[in-house]
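I opened this structure to take notes on its fold, its core and its ligand site. My entries follow in the order I looked things up.

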Amino acid sequence: NDGYKLWLQYNQLENPSEWQKDCFEQYKINGSSSTLDIIDDEIQKASMGFFQKVANQEQNNPKLIISKISDLDLKKFKLDATKITDLGSEGFFIQELVTDSQDKTTIVAANTDIGLLYGTFHLLQKIQKNEWIPIEGIFQSPKTQHRLLNHWDNLDRTVERGYSGFSIWNWHRLPRHIDQQYIDYARANASIGINGTVLTNVNANSLVLTPEYLEKVKALADTFRPYGIKVYLTARFSSPIEIGGIKTADPLDKEVQNWWNKKAKEVYEYIPDFGGFVVKADSEGQPGPHNYGRTQADGANMLADAVAPFGGIVMWRAFVYSEKTPDDRHKQAFNEFKPLDGTFRENVIVQVKNGAIDFQPREPFHPLFGAMPKTPLMMEFQITQEYLGHDTHLAFLAPMYEEVLKEDTYVNGEGSEVAKTVDGSLHSHKLTAMAGVANIGTDRNWTGHHFHQANWFAYGKLAWDPYETSENIAEDWLKLTFTNNPDFVDPVKEIMLDSREMVVNYMTPLGLHHIMAESHHYGPGPWVTGGSRADWTATYYHQADENGIGFDRTSTGSNALGQYAEEIQTKWGDVNSIPEEHLLWFHHVSWDHQLQNGDNLWNNLAKYYQKGVEEARKNVKIWESLKGKIDDDRHQHVLSFMTIQAEEAEWWRDACLLYFGQFSKMPIPEGVEKPKYDLEHYMNYNPKNVPGI
Ligand code: BDP
């Protein structure tokens, strides 16, 4: 098993029940469309996997009916129409209903074919997990409107921060060749409710907006459409100059506006349901409205006006910061965007990373969440593990996503969780969205580490329902991907649920951040300093010296904390009441500062690093003991990666303790292993010293 089938394994069912068999022996699909053909095909695939048998359609006495509500005989099944009116355009319901003649039938119903596709996947997943449909039925509809993957894929097929091969978009062969992988990609996304894909890197190339490329984009859009997936592109702000032959890209210039209007019209001629644009502007060298003395809203609104006649949206990223701005990087997006609240067009949504710096193993939630009541905000999570050990380190990210979604912003009093800004309920916004930076590439198993498939899966599930729990997601993924056997599922679920904290322990405990190696961000680099930008160095963030360590972001320092609600300022502003996981993010504390457990900071730091190492080693042992419970192929592959992880956890521990120990001047406490080499060794060691990483 090479993992290509992801969570759609359709493993043989042990002792299938009558209900399970009936669903495949007597099923009926009402209507016809390409999406319904996909549903039919999915039922066949599942039947072959579950029972090694072809499934059988039955028109007269079906035991499973898949049907739009409008094509269903509601009276026959005594269905209460009021219960199903809220399903919207993507929701579904599944219920076992009894007719007057006492026939039991499982119904999957929805308002649209796409709703039926989601419902069918849900039913098939239930069957694989050996679960029943509860008597009261299942009624589901997504809590966010746009659930997108953001591919940071370049047109030359390299993937920025991609660790699983090259881009799956083969631009050279498109539009004439539609690779099977595009179809499998769409199917996998649909099975977890993802309904949009941004094909190109946020560091954008305007070539993708030329007719040659639009032909190719159209071919992908046509392939994805029956799966309910819309295509989006990143728009390079300077495109009017680069491909339009205009001298400026000033968003208030009439010629520029006309160019974008015409370009949008052209895009929609190729792709009538084109989703819209994502824009990274004025950030890390990307062009933007700042070049013309304009605001982010001026830029966003110009593009919004261009796509509005066609129903498109603009996802304008808040990841705007500059080395020329003297303020703490943490504060810059807030300072720039908050004053613009209420000035964006209705079809603009501001795309905000989960934290204010950059996808660290742990970040406090971004202070913009809740702070712009008049503007819809969307969440951007990173699925690819730029800062969490790339492809080889197992880190199940659902707990990280869940942690942020559950944080209370307090903007409307207690209970104003980040999730409520994402689903729009906090400030009554209809336009809602979530984006996840994809970890997908040409590797046979899509994501490099088999367990990183779980992060794609988890992202989809949380985009559909930001209130879902990591535990449910981990359990579902394991059962669908490997086996229902509790001897495997239970211990591995524990490994998954603790894995992100383990990574925090051996990389950045107690609120440390951005101490990874320069540029590629793999491995430790607390010594990284100097260079072109202070805000890309480690010393900017950890500020270690003989007096202590940590970034003072309280009122005595940068006061980034002042961007949060009063309740948070009070709690996090006090070195004794801030959750210790955020301590060094907001405070510069002395090495002998006493933590809640009575021990000093240095000893605690050292012990966290050691703990992370021990956890990584323990995972190897547990995993080894599970040999034979799943296929050898995947078992061996995961074992090999886990071994790398355990070795590299030591590398992190030793490098960081040697480096920080220079300042603390305190001995490595008992129970923490002594580093194998000296600091110089680690500073010169760069296993990723390969071009292109
Ligand atoms: C950082 C990455 C960089 C991205 C940037 C972004 O290092 O490659 O281009 O984020 O999100 O995490 O725009």
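**Overall size.** I began with the radius of gyration of this predicted model. The protein chain comes out at 26 Å. A compact globule of 693 residues would sit near 26 Å, so the chain agrees with that expectation. I then boxed the C-alpha atoms along the principal axes and got roughly 80 × 65 × 50 Å.

**Fold content.** I counted 20 helices and 13 strands in the protein chain. Buried residues make up 53% of the 693. Residues 24 or more positions apart account for 72% of them.

**Nonpolar core.** Which residues touch the most other members of the largest nonpolar core? I found Val217, Leu303, Val314, Leu368 and Met378, out of 205 residues in that core. Helix 19, residues 632–664, supplies the largest share of this core, with 12 residues. I followed up on Leu368. Leaving aside neighbours within four places in sequence, Leu368 is in contact with Ala318, Ala333, Phe334, Phe337, Val352 and Leu377.

**Helix 10.** Next I looked at residues 398–406, which form helix 10. How many of its nine residues are buried? I got seven, so I noted the helix as mostly covered. The buried set is Ala398, Pro399, Met400, Tyr401, Glu402, Val404 and Leu405.

**Ligand site.** Last, I looked up what surrounds the ligand. The shell holds Glu160, Arg161, Val202, Asn203 and Lys280. Glu284, Phe319, Asp358, Phe359 and Glu386 are also in the shell. I sorted the shell by class: six charged residues, three nonpolar and one polar.

Key: Residues are numbered from 1 along each chain as its sequence is written. This is a predicted model: local features need pLDDT of at least 70, side-chain atom pairs count only at pLDDT 80 or more; totals for chains, interfaces and linings use all residues. A nonpolar core is a set of buried Ala, Val, Leu, Ile, Met, Phe, Trp, Tyr and Cys residues joined through C-beta atoms within 7 Å. A residue is buried if 20 or more other C-beta atoms lie within 10 Å of its own, exposed if 12 or fewer, and partly exposed in between; C-beta atoms are placed from the backbone. Helices (H or I, at least four residues) and strands (E, at least two) are DSSP runs, numbered from the N terminus. Two residues are in contact if their C-beta atoms, placed from the backbone, lie within 7 Å. The radius of gyration is taken over C-alpha atoms; the globule rule is 2.2 Å times the number of residues to the power 0.38. A residue is near a molecule or strand if its C-beta atom, placed from the backbone, lies within 6 Å of it. Ala, Val, Leu, Ile, Met, Phe, Trp, Tyr, Cys and Pro count as nonpolar, Asp, Glu, Lys and Arg as charged, and the others, Gly among them, as polar.
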